[in-house]
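Please open the model in your viewer and keep the sequence beside it, so that each selection can be followed in both.

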Amino acid sequence: MEVILAESAGFCFGVKRAVDKVYEQIETGKKIYTYGPIIHNEFVVQDLGKKGVEVIESEEALEQLTEGTIVIRSHGVPKSICEKIEKQGLECVDATCPFVKRIHKIVEKESAAGRQIVIIGNAGHPEVEGIQGWSVTPAIVIESEKEAQEFVPEAGKKLCIVSQTTFNYNKFQELVEIFLKKGYDISVVNTICNATEERQTEAKDIAAKVDAMIVIGGKHSSNTRKLYEICCKECAHTCLIQTLDDLHLELPKAVRLVGITAGASTPNKLIEEVQNYVRINF
Ligand code: F3S
């Protein structure tokens with residue numbers, strides 16, 4: 001079986017940086033916590049757990065801590081959480097991806113300057129909640145055409161539109177177009193991360209030419225699900241797996257070419273495992 005592995009499969013720069021920071025902190029011998037799972041991959045989180053790293057799941061749990069180091073993951077957090085960590089005298093290691101940090105700065109500055117913030121993204125996603133938490137006035141989250149059509153800005157307000165870093169580029173443009181047609185005074189900042197765009201474009205190209213496509217990633221990872229959706233449109237035999245155990249590909253005999261890509265939180269080790277398995281067993 002011939003395999004095409006996407007070059008952009010797996011950890012992006014921001015996730016790699018955050019995971020590396022946690023492993024570095026373990027070396028200090030101090031008690032380490034991450035604010036939320038460091039990445040959307042339960043196997044990595046389990047490995048860190050074995051090394052004594054605990055996950056803080058809520059603000060209330062954070063409030064109970066009296067000592068230790070808190071690592072903020074690549075998604076970032078609302079400003080109030082950074083302030084809370086500092087106020088409690090805990091050590092903070094901020095592993096917010098610099099591309100997400102850039103959005104925080106834009107949102108803070110533009111909202112302070114009087115613009116209403118519109119985030120194109122998935123409401124409830126931790127990155128989006130983090131971004132909302134840097135706006136000095138309430139930020140609106142829009143993820144569908146219907147929401148964009150129905151949106152009415154606060155009276156007299158100018159808008160600043162940013163995007164969740166992992167949002168689909170074409171959908172972002174479609175939604176921005178709806179806002180532009182309404183004739184508001186809008187400042188649009190495309191804050192979609194290139195890593196996501198490159199991964200999506202490469203996945204689409206590979207899926208279009210292979211007989212079967214494997215997408216590896218966590219079931220709670222939104223960027224993995226988006227990759228899966230993109231590949232499904234191009235290739236009927238597309239499957240989404242978390243680990244090698246989920247791989248039950250029933251392939252017709254004629255299948256010669258299999259493509260593999262992986263979400264931003266998928267460790268290299270797992271990608272290699274799947275790749276080797278497919279080469280040998282199909
Ligand atoms: Fe950062 Fe882009 Fe990854 S925003 S966390 S490098 S997907």
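Between which strand and which helix is the place of Ser 265? Select Ser 265 and you will find it in the loop between β12 (257-262) and α11 (268-281), where helices (H or I, at least four residues) and strands (E, at least two) are DSSP runs numbered from the N terminus. Residues are numbered from 1 along each chain as its sequence is written. This is a predicted model, in which local features need pLDDT of at least 70 and side-chain atom pairs count only at pLDDT 80 or more, while totals for chains, interfaces and linings use all residues.

Ser 265 is buried because 27 other C-beta atoms lie within 10 Å; buried means 20 or more such atoms within 10 Å, exposed 12 or fewer, and partly exposed in between, with C-beta atoms placed from the backbone. Leaving out residues up to four places away in sequence, Ser 265 touches several residues, including His 40, Gly 218 and Ser 221 (contact means C-beta atoms, placed from the backbone, within 7 Å).

Next, select His 40, which lies in the loop between β2 (32-35) and α2 (42-50). His 40 counts as buried because it has 24 C-beta neighbours inside 10 Å. Beyond its neighbours within four places in sequence, His 40 is in contact with Gly 218, His 220, Ser 221 and Ser 265. An unreviewed UniProt entry places the feature "binding site" at positions among them His 40, Ser 221 and Ser 265; UniProt positions follow the numbering used here, feature names are shortened, and annotations may be inferred rather than shown by experiment.

Technical notes:
Two residues are in contact if their C-beta atoms, placed from the backbone, lie within 7 Å.
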